[in-house]
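Subject: Structure handover

Hello,

Here is the structure I promised to pass on. Please open it first, then read my notes alongside.

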Amino acid sequence: AEPEANVILPTGRVFDVFDVPLALGLSALTRIDNAGADPGPVAAHGDRVLFYVATRGNPEDEDEWWSCHLDCDPATIDDTPGLRWHCRDSYVLAPPSTLPSGQAVSWLRPPNGRPLPDPLRILEWLAD
């Protein structure tokens with residue numbers, strides 16, 4: 001009914017998303033490509049790059065849930081200008097959405113049907 005509507009995807013259920021500044025994301029993506037590794041789906045999101053990775057999960061036993069200072073939800077996004085880890089209780093704006101600035105969210109590496117990469121492996125590339 002609304003073909004121009006944005007696509008909002010909840011994270012932490014099927015996938016998590018690393019959300020990094022543009023320069024860092026493009027640099028990491030180049031290094032991943034040069035190494036012949038699979039970065040998984042990657043989207044350009046204004047001045048940010050989004051890396052879609054396998055989720056840490058949503059365990060039934062809350063005592064087994066672990067958190068870290070990189071966890072991000074929409075309410076705290078301005079407090080984390082560097083690397084953000086969107087997991088449970090967060091979401092991302094996905095392609096072909098439009099940001100409030102008018103910029104389009106677009107795929108740099110579209111989903112290809114392969115399993116999503118391990119988040120800790122992608123985190124190594126981003127932290128390098």
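Start with the rings: Phe15, Tyr52 and Trp107 are linked into a cluster by ring pairs. Keep in mind that this is a predicted model. A search of the whole structure turns up three aromatic pairs. In one of them, the ring centres of Phe15 and Tyr52 are 5.4 Å apart and the planes stand at 50°, so this pair is tilted. Phe15 belongs to strand β2 and Tyr52 to strand β4, so the pair ties together parts 37 residues apart in sequence.

Tyr52 also forms an aromatic pair with Trp107. That pair is tilted too: 5.4 Å from centre to centre, with 55° between the planes. Tyr52 sits in strand β4 and Trp107 in strand β8 (residues 106-109), so this pair ties together parts 55 residues apart in sequence.

The cut-off for buried is under 20% relative accessible area. Tyr52 has 4% relative accessibility, so Tyr52 counts as buried. Trp107 has 32%, so Trp107 counts as partly exposed.

**The overall plan**

The protein chain has two helices and eight strands. Along the sequence they follow the pattern β-β-α-β-β-β-β-β-β-α. Of the chain's 128 residues, 41% count as buried. Now take the contacts between residues at least 6 apart in sequence: 72% of them join residues at least 24 apart. The accessible surface of the chain is about 7,300 Å², and carbon and sulfur atoms account for 55% of that.

Look next at strand β3 (residues 42-45). In a regular strand, side chains alternate between the two faces of the sheet. Here Val42 and Ala44 point one way, while Ala43 and His45 point the other way. All of these residues are buried.

Which strands pair with β3? One is β4, in the antiparallel sense, over four bridges. Ala44 has Val49 as its bridge partner in β4. β3 and β4 form a hairpin, with two residues between them. Gly46 is in the turn and has a positive phi of about 65°. In β8, Ala44 has Ser106 as its bridge partner.

Now move to β7 (90-94). Four of the five residues of β7 are buried, so the strand is mostly covered. Strand β1 (residues 7-11) pairs with β7 in the antiparallel sense over five bridges. Within this pairing, Ile8 has Leu93 as its bridge partner in β7. The loop between β7 and β8 holds Pro96. A cis peptide bond joins Pro95 and Pro96, with omega at about 5°.

**The nonpolar cores**

In soluble globular proteins, nonpolar side chains tend to be buried together. Which residues touch the most other members of the largest nonpolar core here? They are Phe18, Phe51, Ile122 and Leu126, out of 15 residues in that core. Four elements each supply at least two of the core's residues: β2 (15-21), α1 (22-34), β4 (48-54) and α2 (119-127). The largest share comes from α2, with four residues.

Click on Leu126 to see its neighbours. Leaving out residues up to four places away in sequence, Leu126 touches Phe18, Val20, Leu24, Ala28, Phe51 and Leu83.

**Helix α2**

Finish with α2. Pro119, Ile122, Leu123, Trp125 and Leu126 are buried in this helix. They cover an arc of only 160° around the axis, which puts them on the same side of α2. What do the buried residues of α2 pack against? They pack against β2, α1, β4 and β6 (84-86).

Best wishes

Conventions: Residues numbered from 1 in each chain as written. Predicted model: local features only at pLDDT ≥ 70, side-chain atom pairs only at ≥ 80, totals over all residues. Heavy atoms only, no water. Core = buried A, V, L, I, M, F, W, Y, C linked by side-chain atoms within 4.5 Å. Buried < 20%, exposed > 50% of the residue type's maximum accessible area, 1.4 Å probe, protein only. Contact = heavy atoms within 4.5 Å. Phe/Tyr/Trp six-rings, centres within 6.5 Å; stacked < 30°, edge-to-face > 60°. Pairing = 2+ DSSP bridges. Areas by Shrake-Rupley, 256 points an atom, 1.4 Å probe, with all protein chains shown as cover. Arc of directions from axis to C-beta.
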